[in-house]
Amino acid sequence: MTDQTTAMEYDMAREIIPRDHLASGTWPTGPLTADAPPGARLGHAIAGALATAMQGQGVSSRELARRAGLTHPTVVRVLEGQRLPSTHTLLLLETALGTPLWPAGLHRDSSGN
């Protein structure tokens with residue numbers, strides 16, 4: 001793989017809008033399409049974990065943004081599946097909530113094994 005290919009794949013991954021791969025139902029509880037790319041699966045898992053943690057702690061998106069030092073639109077875009085969070089954003093969210101959001105084992109679900 002060349003550096004150019006790696007850069008192109010990275011750019012494509014940043015363009016994934018997880019919600020675009022929702023098969024039915026509502027985000028993030030509805031299933032994804034069978035051919036959803038790994039990035040969509042990642043966004044789906046993170047949004048679900050984030051929504052669950054926020055609901056469990058009774059934290060609004062505005063309050064979470066304040067605690068995490070993020071903008072409210074950033075939190076909303078992650079929750080609504082409009083974007084994948086950067087690793088830094090994810091760390092800030094996890095720290096603010098005191099809970100992990102990264103979906104351990106997702107690689108097994110995405111690989112078909």
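The structure holds two salt bridges, a salt bridge being a side-chain nitrogen of Lys or Arg within 4 Å of a carboxyl oxygen of Asp or Glu. This is a predicted model, where local features need pLDDT of at least 70, side-chain atom pairs count only at pLDDT 80 or more, and totals for chains, interfaces and linings use all residues. Residues are numbered from 1 along each chain as its sequence is written, and side-chain values use heavy atoms, leaving out hydrogens and water.

**Exercise 1.** Describe the pairing of Glu63 with Arg66.

Step 1. Take the distance: N to O is 2.6 Å in this salt bridge.
Step 2. Helices (H or I, at least four residues) are DSSP runs, numbered from the N terminus.
Step 3. Check accessibility. Glu63 is partly exposed at 24% relative accessibility, while Arg66 is exposed at 59%. The cut-offs are under 20% relative accessible area for buried, over 50% for exposed, and in between for partly exposed (1.4 Å probe, protein chains only).

**Exercise 2.** Find how Arg67 is linked to Glu63.

Step 1. Their closest N and O atoms lie 3.0 Å apart, in a salt bridge.
Step 2. Arg67 and Glu63 are four residues apart in helix H3, so about one helical turn lies between them.
Step 3. Arg67 has a relative accessible area of 42%, so Arg67 is partly exposed.

Methods. Helix = DSSP H or I, 4+ residues; strand = E, 2+ residues; numbered from the N terminus.
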